[in-house]
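Please prepare a briefing on the side-chain contacts and the helix packing of the structure shown here.

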Amino acid sequence: MKYTTRQQALLLLSDGTIFYGKSIGISGVAFGEVCFNTGMTGYQEIFTDPSYFGQLMVATNAHIGNYGVNDKEVESDTIKISGLICKNFSFNYSRPDAKESLEAYFEQQNLIGISDVDTRALVAYIRENGAMNAVICTDGTPIEELKVALSKVPDMKGLELASQVSTKTTYFYGDENAKYKIAALDLGIKTNILRNLAKRDCYIKVYPYDASYDELASFNPDGFFLSNGPGDPDPLHGAIAVAKQIIEKDKPLFGICLGHQVIALANGISTYKMFNGHRGINHPVTNLISGKGEITSQNHGFAVNKEELEQHPDMEITHLHLNDLTVAGMRMKNKNCFSVQYHPEASPGPHDSSYLFDQFIENIAKAKS
């Protein structure tokens, strides 16, 4: 009965294209950059990933919500996407250890969503026309009013969003008696990254996005970590300065996703907004050092300039995305620094990329010896 009485809803793209569907979650409007994720599972991890802040997520899997939600499967304390767009939304769930339905989870966190959308047509349209801003409307606001409001939403290029998802105060994660100490700059860090470091005998102190190098160094860490996060890396002048200082002092440094891009910028290598980003859990990557392939989880709309990286005397490309040959990983030739554009903590392979955390620990151990 609930399914048949839901309110009509619509998705309006910035170029005027409209897709219709039905309301899920709460009533209202939600703005953001529309993008799509091709993962067949893991929707709760996607929704709570801080890297998706400011984005309207199109789920390409036909069924969303069918296994409910579980407290153990979150990447942050709240939902971070601006809104959800899907084909079939399951109000009931069948997993025994689920805490509640996805619908209840959305209502608790005031998320706006739209289902019964032709997501195949929508994804094809985005692939053809590129990522763009959009608005989900579930409360009947007139289309002309939506167009005016949408025209005022800033583009993702040039947009600094790390400040809106980063921790406000420092905190610790792991065992304080662990062998290694890590200072992590939180640009939108995922909880599973912290788990992966902690289980490798690391005690992590997590710092706000605008912390200085001196603040991080005061922890006397054995290594430094630059996290993933949302938005354009170019405005993150503070984080770029921190990365430069870590590199100058040749401290062990590892960066993931946005952190990877920050390291590139710290070396004078530019980044650019992609026509369509990489978002999914089946992206093929080749490791140019080992010659092995990896199935990876990816979520980024910006990338490192490959040509500039190839010409940089102190840098080396270590990984390439096999679909479009964009940079998926790099390292410095004469410094203890490396980074990847994808998410080894997600490990959809399932363990194809987990060695990167081990590599970081090995780099720290060598530096300490």
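Predicted model: local features only at pLDDT ≥ 70, side-chain atom pairs only at ≥ 80, totals over all residues.

Residues are numbered from 1 along each chain as its sequence is written, and side-chain values use heavy atoms, with hydrogens and water left out.

**Helix α8**

- Helix α8 (residues 237-248) has twelve residues and reaches 16 Å from its first C-alpha to its last, close to the 16 Å expected at 1.5 Å a residue, the expected span being 1.5 Å times one less than the number of residues.
- Helices (H or I, at least four residues) and strands (E, at least two) are DSSP runs, numbered from the N terminus.
- The buried residues of α8 are Ala239, Ile240, Val242, Ala243, Ile246 and Ile247.
- Seen down the axis of α8, these buried residues fall within an arc of 160 degrees, so they line one face of the helix; the arc is that of the directions from the helix axis to the C-beta atoms.
- An α-helix has 3.6 residues a turn, so residues three or four places apart point the same way.
- After α8 comes Asp250, whose phi is positive, near 55 degrees.

**Aromatic pairs**

- The structure holds 14 aromatic pairs, counted for rings of Phe, Tyr and Trp (its six-membered ring) whose centres lie within 6.5 Å, with planes under 30 degrees apart taken as stacked, over 60 as edge-to-face and the rest as tilted.
- The rings of Tyr43 and Tyr67 are stacked, because their centres are 4.2 Å apart and their planes lie at 25 degrees.
- This pair links distant parts of the chain, with Tyr43 in helix α1 (residues 43-47) and Tyr67 in the loop between β5 (63-64) and β6 (83-85), 24 residues apart.
- Tyr43 is buried at a relative accessible area of 5%, and Tyr67 is buried at 16%.
- Phe254 and Phe338 form another stacked pair, at 4.5 Å centre to centre and 15 degrees between the planes.
- The two lie 84 residues apart, Phe254 in strand β14 (residues 253-256) and Phe338 in strand β19 (residues 337-340).
- Phe254 is buried at 0% relative accessibility, and Phe338 is buried at 4%.
- Ring pairs join Tyr43, Phe47, Tyr67, Phe89, Phe91 and Phe106 into a cluster.

**Salt bridges and a charge over a ring**

- A search of the whole structure finds ten salt bridges, each a side-chain nitrogen of Lys or Arg within 4 Å of a carboxyl oxygen of Asp or Glu.
- Lys273 and Glu33 meet in one of them, at 2.8 Å from N to O, and they lie 240 residues apart, Lys273 in strand β15 (residues 271-287) and Glu33 in strand β3 (residues 29-37).
- Lys273 is partly exposed at 24% relative accessible area, whereas Glu33 is buried at 5%.
- Lys273 also lies over the face of Phe302, at 5.7 Å from the ring centre, the criterion being NZ of Lys or CZ of Arg within 6 Å of the ring centre and within 35 degrees of the ring normal.
- Glu73, Arg95 and Asp97 are linked in a network of salt bridges.

Notes. Buried < 20%, exposed > 50% of the residue type's maximum accessible area, 1.4 Å probe, protein only.
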